[in-house]
Amino acid sequence: MAKMTMVEAINMAHAWEMAHDPSVVVLGEDVGTNGGVFRATVGLQQRFGKARVQDTPLAEGLIAGTAIGMAAQGLKPVAEIQFMGFIYPALDQIASHMARLRNRTRGRLSCPVVLRMPHGGGIHAPEHHSESLEALLCHHPGLRVVCPSSPARAYGLLLAAIRDPDPVMFLEPVRLYRFARQEVQDDGQALAIGCSFVLREGSDLTIVTWGAMTVDSLKAAEQLAADGVSCEVIDAGTLAPLDFDTILDSVVKTGRLLIVHEAPRTCGLGAEIAATVNERALYDLLAPIRRVAGYDTVMPLYRLEHDYIPGVARIVDAIRATLAE
Amino acid sequence: MSEQRIVAQFEIPYRACLDGDGAPLGALPAWVEDGELLRRMYRMMVRARAFDTKAVNLQRTGKLGTYPSCLGHEATHVGVGAAMRADDVLFTVYREIGTKFWRGVDMLDVLLYWGGDERGTMYRHSPQDFPFCVPIGSQMPHAAGAALAIQIRAERRCALAFIGDGGTSQGAFYEAINFAGVKSLPLVCVIVNNRWAISVPVAAQTAATTLAQKAIAAGIPALQIDGNDLLVVRDAVGDAIERARGGGGPTVIEALTYRLSDHTTSDDATRYRSAEEVADARRLEPIARTRNFLQSRALWDEADEQALKAACSEEVDAAVKQYLATPKQSTDAMFDYLYAQLTPALRAQRDEARRFAASGH
């Protein structure tokens, strides 16, 4: 078993599935010769040929729309959008067609497409390269939205996404692409979409988070453990549909909930989680639910990006405030 | 001395087979000798118009939702249908009734769709074709994707996409034909230039002399045809399809026609165009021209016409009866087709909808 980064695990998942399913094809800007701007598709064109790994013109709406036509013809396109901040031109295709094709044809046509895109900031990227727009996607019925937080989970969830019969938006936290190496077995084993991951067990407070914020949340939990505070950390993993069973079980146990996400606070996914926990477990709560989120500002250029992205200090502060209620 | 030279020039050919009265303009394509095919195409045009007339009336009497009439487009729509092979894939806008009918879509399907029921997209006889596409131009990348899939699998098929004159202003149109040019995709794009995008005339969409020439920027061949001339539509589109199926790449064809109806039943075209313009266009409408041509070849007579009208009327009435007798879907239908498998959260919402279904109207 090899130790690898998340981006290497993503590459490995592509290769496994392409080798085992001839209907899997890769498309996007720079995915071929260049292997993708983050090298997630490196080597795939050499190995599987130009027919199955296609560089497209520079048009995100075209990439998403083309994937729909290919999927309806029985292929399984895995398409890359270079950065999530460039998703807007593709939203028409995603929302108007990709998410709806099965429904509007009463199941006659479907869209087994994976749209991969780097998510979030923290790597000193230029303007429009650091956005966290998962809420835009989660609001559209018909989509699944997945966001892995480790190399092994990226491998298993990407395999699941490619095998899913419906469109999956696969959000890859850029901060984690090369953050840490982990042993990942190349065994073709998919993880289940729609299941969250309890990364750390605890009894005083539940943190629900995803993507790169899992790292900061775990650090905050570790820091507070020295003070005798026991935090449970849940990586949502799949953002649509959310695994509320695991979240609610945890909240019933701890009585306190903190939601941590990088995306802006207002109408962020944290609001949906808080509302649902209020509906289903209000009387189990010992303290109000808190959110630590990106501010309701434009994602700043990179000198201020770590003032925007919630860090360990803000998470620790929110945990202490919740426990002090 | 600075260098100056022409680095690119282009021409857009125009083709027509018949004049405005249905008389041949010259030698006709060989397939025109197939009288039964001509009769079949003509019958389909009349069938589409009979359906269309009834659909507008149904809307006027509150029995159908908003409906976009195809009046005046019959030659383009049926000509394209007749040019396609069964295993090609069709991507329409929302007006191409004649093409859908040719490919086996039932009148009931079209009535159900515009009558607010998703079951009208089931298309039993053309199961790979896409349903009507309402967001303008957004069907074009789907057609390019289908063409790419066909190319990847080295199949001898093609994708055919319709788009309107207004649709050519959308980025998706250019993105798709540009991609088709880059990859030499088996894609045929038919621009139905009916002169009006609701109230906006073509001159307000573009300063280009033709819409066909937009394809030149994508590096693919293009031509303009008389879209009210059934023979040239079937011939030009047929040529393009054969080239696409044979690996010869994409074509863009601009078919000149005229929307004789309002944009939809919610529109009032008298607000923005003159009665004289519409009357002039009506003199060139396709059904009378086609009938004149058939009669000149002794392929059609008054008895045929009366029999066809009676048959269409009967078929339309039967479809309407079936449509009006079709009960609405259960509320489960809102949930059951979102994903291959219902999610737990949706199951709860489906149950809620069931609980209140009886109290709905």
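Which residue of β7(B) does B:Arg15 stand opposite? B:Arg15 stands opposite B:Ile225. This is a predicted model, in which local features need pLDDT of at least 70, side-chain atom pairs count only at pLDDT 80 or more, and totals for chains, interfaces and linings use all residues. Residues are numbered from 1 along each chain as its sequence is written, and chains are lettered from A and ligands numbered from 1 in the order in which they are written.

**Sheet of chain B**
- Six strands form an open sheet with parallel pairing, in the order β1-β7-β8-β4-β3-β2 of chain B; strands are DSSP runs of E, at least two residues, and helices runs of H or I, at least four, numbered from the N terminus.
- Two strands pair if DSSP finds at least two bridges between them.
- β1 (14-15) and β2 (89-91) of chain B are the edge strands, each pairing on one side only.
- Two bridges join β1(B) to β7 (222-226) of chain B in the parallel sense.

**Contact between chains A and B**
- Chain A puts 32 residues in contact with 32 residues of chain B; contact means that C-beta atoms, placed from the backbone, lie within 7 Å.
- On chain A, α3 (60-72), α4 (88-98) and α5 (101-104) each supply at least two residues.
- α3(A) gives the largest share, nine residues.

**Domains of chain A**
- The domain assignment, automatic or from a database, gives domain 1 (2-184) and domain 2 (197-323).
- Their centres, taken over C-alpha atoms, are 26 Å apart.
- The contact takes 28 residues from domain 1 of chain A and 22 residues from domain 2 of chain A.

Definitions and conventions: Contact = placed C-beta atoms within 7 Å.
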